[in-house]
Amino acid sequence: MKPLLPPVFVNGIEISAERIANEAQNHPAPKEKPGLAWKAAARALAIRELMLQEARARGLSPDPAEVAPGQFETEDEALIRQLSEAAITPAPADKTDLRRIYDAHPDRFRAPSLYEAAHILFPRQDDMAALRAHADAVVAELRANPRRFGEMARTHSACSSKDNGGLLGQLGQGDTVPEFEAALDALDEGQISDPVETRFGLHLIRLDARARGDVLPFDTVLPRLRDAHAKAAWARAAAKFTADLVAQAQIEGVSLKAA
């Protein structure tokens, strides 16, 4: 039986090795480095203990909220939420700063592009190596003679679009699976992709036309910018609050410098 690692103490309060070992199951780590999961668990529990101690020092009383129909927070979860609401104050968004971000990166705020494309689908099978070899052979033939795409689609594709030479018509954001969409976005007009794997199998994709979306007006994207700023500002404020608690605490058994 392997000996348990030592416990952790937070301002004199013990977090047992058994408790850390149980928490470690929630922190994936490579099999060859189980100590990483233990350290992550120890840090998480130490910060949780610091938060609970601070909440009690401030005289907060747990008021569990309903997080789902009939399901309520535990008292500890309620205390941590209440402390966060009371102590973590994100910096407010400055419209001038948000405008500066918008002006510096206009391509981030375009309307979705539209595409016209065609594909040949080789359906997933047990021997994916053989399927890829087949797809590679077809794409090599198409690169030598691109005009045969429609003919090859009718011969090889498992998609109903084969009856129309593989043509998919106009596609917008979200019309295809992410892997297909990413490959489509990377193509130049007229280019045929290497085999692209999705949950459906392997695709050879030809981009026929792209209509790039216009840059959206600042007022249209302002709510998105405010939301992104609010999340980032809260994360920064939470990190500073936690760092301040750590700096004032006596922690034994684990380092919280990287937490």
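**Close-up views of a predicted model**

**View 1. The hairpin of β7 and β8.** T198 stands opposite G201 in strand β8, and the two strands β7 (residues 196–198) and β8, which run antiparallel, are joined by three bridges. With two residues between them, β7 and β8 form a hairpin. Strands here are DSSP runs of E with at least two residues, helices are runs of H or I with at least four, and both are numbered from the N terminus. This is a predicted model, in which local features need pLDDT of at least 70 and side-chain atom pairs count only at pLDDT 80 or more, while totals for chains, interfaces and linings use all residues. Residues are numbered from 1 along each chain as its sequence is written, and side-chain values use heavy atoms, with hydrogens and water left out.

**View 2. The pairing of β5 with β8.** Strand β5 (residues 114–123) pairs with strand β8 (residues 201–211) in the antiparallel sense over 10 bridges, where pairing requires that DSSP finds at least two bridges between two strands. Within this pair, A117 stands opposite L207 in β8.

**View 3. Helix α2 and its buried residues.** Helix α2 has 24 residues and reaches 35 Å from its first C-alpha to its last, close to the 34 Å expected at 1.5 Å a residue; the expected span is 1.5 Å times one less than the number of residues. Among the buried residues of α2 are W38, L45 and L52, buried meaning under 20% relative accessible area with a 1.4 Å probe and protein chains only. After α2 comes G59, whose phi is positive, near 75°.

Technical notes: Buried < 20%, exposed > 50% of the residue type's maximum accessible area, 1.4 Å probe, protein only.
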